Amino acid sequence: MNSEQILISIVIATYNSEATLEAAIQSVLDQQFKDYELIIIDGNSSDNTIGIIKKYEHGIKYWISEPDAGIYDAWNKGLKATQGKWVCFLGSDDMFLSGALSAYSEFLIANSELDYVSSRVELFWEKKGVNQTRVIGDKWNWNVFKRKMNVAHVGSMHNRKIYDRYGNYNTNYKIASDYELLLRIGNKLNAGFIKTVTVKMRFGGVSTKQIFKTLKETRDIKLFYNYTNVLFIYLDYFYFFSRSSTKRFLNWLGLI
C-alpha cells in the first residue's frame with residue numbers, strides 16, 4: 001500500500017499504558033476497513049507498554065519510544081510519520097467500535113472537501129461497581145464552539161491540509177491544544193458530522209482529572225483569540241468552574 005492509497009492515519013500516544021493499550025490496538029486491527037496505517041508514539045514508558053507494542057508490531061506501520069513533552073508533542077511526532085489523507089487520534093485507553101472506520105471512510109470519500117469530521121462517542125466509567133455510559137459529541141457549530149468544545153475530539157478525522165495551512169499542535173498548552181487548533185482556524189473550518197457512535201472513550205482522562213486546569217487553559221485560549229466578548233469568556237469560566245466544583249462536592253458527599 002503506497003501513500004497515495006492510504007485514506008486514514010491513526011495515531012495513538014502512549015505512556016505507561018499497559019492496562020489499556022492492548023484493547024485500543026485490537027480495536028483498530030479488528031476493523032473490516034483496512035485502508036489505514038497505525039502509528040504509535042510512546043513517551044519512554046517504564047511498564048510493559050513496549051512489550052504490548054512489539055506483540056502487535058505486525059499491524060503497526062511505525063512506532064517509537066522516547067521522552068516527550070506531553071501528549072501534543074507526541075501527536076506532532078505522530079503527524080510527521082503519517083501518510084494518510086485523514087488523520088485521527090485515538091487515546092491509548094479508548095477503543096473504536098466495530099464498523100467505525102467503515103462508517104468514517106464512506107463519509108470521508110463522499111465529503112473529501114471537508115477539513116474536519118467528528119462523530120458521537122460513548123463515554124464509559126464504573127461507579128460503585130456499576131457500569132455507566134453516556135453519549136457525547138455534537139455537530140460543530142461556530143457560535144457554540146467559540147464558547148466551548150462541543151465536538152468529541154477522540155477518533156475524529158482531520159484532513160491533513162489543515163496542518164499544512166495552520167500548523168501543528170501548540171505544545172505550550174498541555175490539555176486543550178486540540179481545542180486551540182480548531183479555534184485557530186475559526187469560522188473558516190469546514191466541518192462535517194456523522195451521527196454514528198464510533199468510539200468508546202474511558203472517562204477519567206487528563207482533561208477530566210485536571211478539570212480546573214482545563215477550564216483555565218481553555219479560558220486563556222479564548223482570551224487570546226478574543227472571538228467573543230471578554231465578559232462572556234469570564235462568565236463562561238466561572239459558570240463551568242462553579243458547576244464542576246458543585247458536582248465534585250456532591251460526589252464527595254455521595255449524593256451523586
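In the predicted model, Lys161 is partly exposed, at 22% relative accessibility. Its salt-bridge partner is Asp115, with the closest N and O atoms 3.6 Å apart. This pair joins distant parts of the chain: Lys161 belongs to helix H6 (residues 161-166), while Asp115 sits in the loop between H4 and S6, and 46 residues separate the two. Asp115 is buried, its relative accessible area being 6%.

The loop between helix H4 (100-110) and strand S6 (116-127) also contains Asn111. A polar atom of the Asn111 side chain lies 2.9 Å from the backbone oxygen of Phe107.

In total, 11 salt bridges are present in the structure. Among them is a network that links Arg147, Lys222 and Asp236. Asp236 pairs with Arg147 at 2.5 Å between the closest N and O atoms. Asp236 counts as buried because its relative accessibility is 9%, under the 20% limit. Arg147, at 40% relative accessibility, counts as partly exposed.

Asp236 forms a salt bridge with Lys222 as well, with an N to O distance of 3.9 Å. Lys222 is located in helix H9 (residues 211-225), 14 residues from Asp236 in H10. In this pair, both Asp236 and Lys222 are buried.

Terms used. Residues are numbered from 1 along each chain as its sequence is written. This is a predicted model: local features need pLDDT of at least 70, side-chain atom pairs count only at pLDDT 80 or more; totals for chains, interfaces and linings use all residues. Side-chain values use heavy atoms; hydrogens and water are left out. Helices (H or I, at least four residues) and strands (E, at least two) are DSSP runs, numbered from the N terminus. A polar contact is a pair of N or O atoms within 3.5 Å; within protein, one must be able to donate a hydrogen and the other to accept it, and residues adjacent in sequence count only if both atoms are side-chain atoms. A salt bridge is a side-chain nitrogen of Lys or Arg within 4 Å of a carboxyl oxygen of Asp or Glu. Buried means under 20% relative accessible area, exposed over 50%, partly exposed in between (1.4 Å probe, protein chains only).
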